[in-house]
Protein chains: 2
Amino acid sequence: MKPIQVGLLGIGTVGSGVFNVLQRNQEEIHRRAGRGIEIAMVADLDAERARSIVGDKARVVGDAREVIANPEIDIVVELIGGYGIAKQLVLEAVAAGKHVVTANKALLAVHGTEIFKAAAEKGVVVAYEAAVAGGIPIIKALREGLAANQIQWVAGIINGTTNFILSEMRDKGLDFDVVLKEAQRLGYAEADPTFDIEGVDAAHKATIMSAIAFGIPVQFDKAYVEGITKLAATDIRYAEQLGYRIKLLGITKRMDKGVELRVHPSLVPAKRLIANVEGAMNAVVVHGDAVGTTLYYGKGAGSEPTASAVIADLVDITRLIEADPTHRVPPLAFQSHTLREAGQDLPVLPMAEVVTSYYLRIRVADEAGVLARITGILAGGGISIDAVLQREADEVGGEGSTQTDLIILTHDTREGDMDAVLAQIQGLPTVLAPITRIRKEELN
Amino acid sequence: MKPIQVGLLGIGTVGSGVFNVLQRNQEEIHRRAGRGIEIAMVADLDAERARSIVGDKARVVGDAREVIANPEIDIVVELIGGYGIAKQLVLEAVAAGKHVVTANKALLAVHGTEIFKAAAEKGVVVAYEAAVAGGIPIIKALREGLAANQIQWVAGIINGTTNFILSEMRDKGLDFDVVLKEAQRLGYAEADPTFDIEGVDAAHKATIMSAIAFGIPVQFDKAYVEGITKLAATDIRYAEQLGYRIKLLGITKRMDKGVELRVHPSLVPAKRLIANVEGAMNAVVVHGDAVGTTLYYGKGAGSEPTASAVIADLVDITRLIEADPTHRVPPLAFQSHTLREAGQDLPVLPMAEVVTSYYLRIRVADEAGVLARITGILAGGGISIDAVLQREADEVGGEGSTQTDLIILTHDTREGDMDAVLAQIQGLPTVLAPITRIRKEELN
């Protein structure tokens, strides 16, 4: 069957991410969606750059309306941004009966009501997972995963630029202006950073989350918006002394009288997970009456993280169009006829084939040469050492003890190799007890 | 329209949560799903206890097959657990053409292939969000939210009992046996805790995640399973000295030769968010090639958190059955005709109505009586103080300075009240600079 035909409006950072990820993972995405998904047309004012990205894989045009008018196109992806031409094009695509995917939070926070109404009348989907918190599937969590709950509040670090600046201010004790310049130099802040540092971008996202959390329309004009430009390094330091971190939060809360919707710097207890979200990362905490507190963490911006969300929407729409209606989402994520047999292609590996790093605790006689002997055996087995902690005999066994613990952290090793080496070490007369071996994961 | 009719097999901890949350949030769930969802029948061997929970709201029977045979029932929820009768009943419900929702990880990790095949042949859904990590919508994130990605690895704290025990061992320096007894006393561990502490429960969940991450069948028999019973307090202490925490992780990784699938205690760098997941909480880290690292955190067990996931599945199926097929998930989460008008019922509140706590930094003359005067004004405005940090004048302004910073943390206050009080304080002759006011959120 012909792949779903996608038309891209704008191929900058996010657009090229969408193109590249769809190319790279096309087989897997096809297996999940039940049909191929392919970018057939790209509209960009800079046709030359567009062609340098897509080569001969897609038709490049200068006029977005050519994409919208093309009856072959099933889904239009709007990546232009802003309220102006983007709004017109989204409404025209909807009017032409196209499903639309957009990453445009400004557009939806301000004109969402009008756009969703038009989409409902035409019977098409306007999907926007990428509009809030980049690659984190927070729209899906709020609209579907937590549908049982009366949501009580949502609070998020939903602007990476400001979180990077606040992390740097705290780490280095520097003032806002200094760190902003650094962030601009590193590409974490734009040349005109107003929307980020004044909290407007976060307020767009908080507005969208308030609507889907509480069943109210998007009301950006009612949001309280305060940025981080007036924050002093002093306050970050005092907050720390009191056990808090300062984060720019987008907050929406359900109260008896109505809904709070606000963006401003906030102190957060340092022990909360969200207080430990550093650099350009995003995180959203959602509190529901049944589920309690949940948190969603990941990259909130960037080419491929944002593309991940755009493509998730493309897969959703493809499953809606294509899949057996009783099986929109296949039980094991991939369409069942594409599942591998057990053992085929991707067998589950035996433990001896697993690669991981290790913590070893070896109880040894406190004698000269023991450490050299053991590290020699490890080296002989091709196992490289990350760190060694050798305890004083007295600390471990009490005064006058002749035993001690040798703690070794290794780099990545095949478990089978480690088994062989440990058998050798265990056999040494100076090793006085069964060796403790715990695996170690960096999870980076 | 008649609500979707649900039949519950088993009404213990999770079942009563499902019943209670569906009752409490019925209006909101109806607005989201597009149709009411109601428990019409309950089968439980203890009919008396079942009646004490559901009253006259649902028909109580002793025989689960009466529920399955009832043509009025649209969805069967299996909450019996285990591989035995639960498997038969799920297969019978599928054969009877019912959609099934289950929280039974053991069943799916071992017999999932057979069950999903039967469901596909009958054209019904078998949904299981509650089977992994309780209320955290991790199945949805993996099957839908991250569908663009080649998933590279998944690693999770997916058993609350063992995470509680490890947190206690670390906090209090106690050994495994002592903490296990404490956990049993507090209800965090069962009388027979084997499945939890030996890693079997975590391996069931890791098995399910490996299948949906990589498009392979469930293969519990291939999983490496190691629990926490042999962990010594010593190792937790040494790990800490080296900058690590020890967690029981369920891990599945895609390698060139195949898939790793393993559960065992692991050292994790202490600075990772997941290393800071304490007590009975769960968290899953997913690394995809496009999105990078994402994390999902929340309650992994308990009556209402698990019910949250079961009901999310009920809403998914209801939207599938009922909704306009082009609009399975409404754009703003609630069906559009149920959205409130802007300002109706749940208006966005003006900032003066917002309730939050505050950090205040007040530059004052270093004179006797200043603190008393300021705290007096706060008290007069009904604002109660959580903490005060008074700096020495010299620390702030340098040697011989006559100025100092007064830092005050308040309890929750209406912003309007705070505005009024701050205007008064700002007017004092001993207040020497504009007051800094930053809001504070507990996010608990």
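This is a predicted model: local features need pLDDT of at least 70, side-chain atom pairs count only at pLDDT 80 or more; totals for chains, interfaces and linings use all residues.
Residues are numbered from 1 along each chain as its sequence is written, chains are lettered from A and ligands numbered from 1 in the order in which they are written, and side-chain values use heavy atoms, with hydrogens and water left out.

**First stop: the sheet of chain A**

Select chain A and look for six strands that form an open sheet with parallel pairing, in the order E3-E2-E1-E4-E5-E6. At its edges are strand E3 (59-61) and strand E6 (126-127) of chain A, each of which pairs on one side only. Next, select strand E1 (residues 4-9) and strand E2 (residues 37-43) of chain A, which pair in the parallel sense over six bridges; here Leu9(A) stands opposite Ala43(A) in E2(A).

**Second stop: a salt bridge within chain A**

Select Lys87(A) and Glu114(A), whose side chains meet in a salt bridge at 3.1 Å, N to O; the term stands for a side-chain nitrogen of Lys or Arg within 4 Å of a carboxyl oxygen of Asp or Glu. This pair links distant parts of the chain, 27 residues apart, with Lys87(A) in helix H5 (residues 85-95) and Glu114(A) in helix H6 (residues 105-122) of chain A.

Now show both chains: chain A can be laid on chain B with an RMSD of 0.0 Å by a turn of 180° and a shift of 0.0 Å along the axis, the superposition being by least squares on the C-alpha atoms of residues with pLDDT of at least 70 in both copies. The two copies are therefore related as by a two-fold rotation axis. To find where this axis passes, select Tyr296(A), which of the residues of chain A comes closest to it, at 2.4 Å (C-alpha).

**Last stop: where the chains meet**

Colour the residues in contact, 137 from chain A and 138 from chain B. Because 100% of the interface residues of chain A are also interface residues in chain B, the copies meet through the same surface. The area buried between the chains is about 11,800 Å², of which carbon and sulfur atoms give 59%; buried area is the accessible area (1.4 Å probe) that two parts lose on being put together, summed over both.

Between chain A and chain B there are 18 salt bridges. To see a salt bridge between the chains, select Glu441(A) and Arg262(B), whose closest N and O atoms are 2.9 Å apart. Finish with strand E10 (residues 259-269) of chain A, which supplies 10 residues, the largest share of the side of chain A that touches chain B.

Terms used: Contact means heavy atoms within 4.5 Å. Helices (H or I, at least four residues) and strands (E, at least two) are DSSP runs, numbered from the N terminus. Two strands pair if DSSP finds at least two bridges between them.
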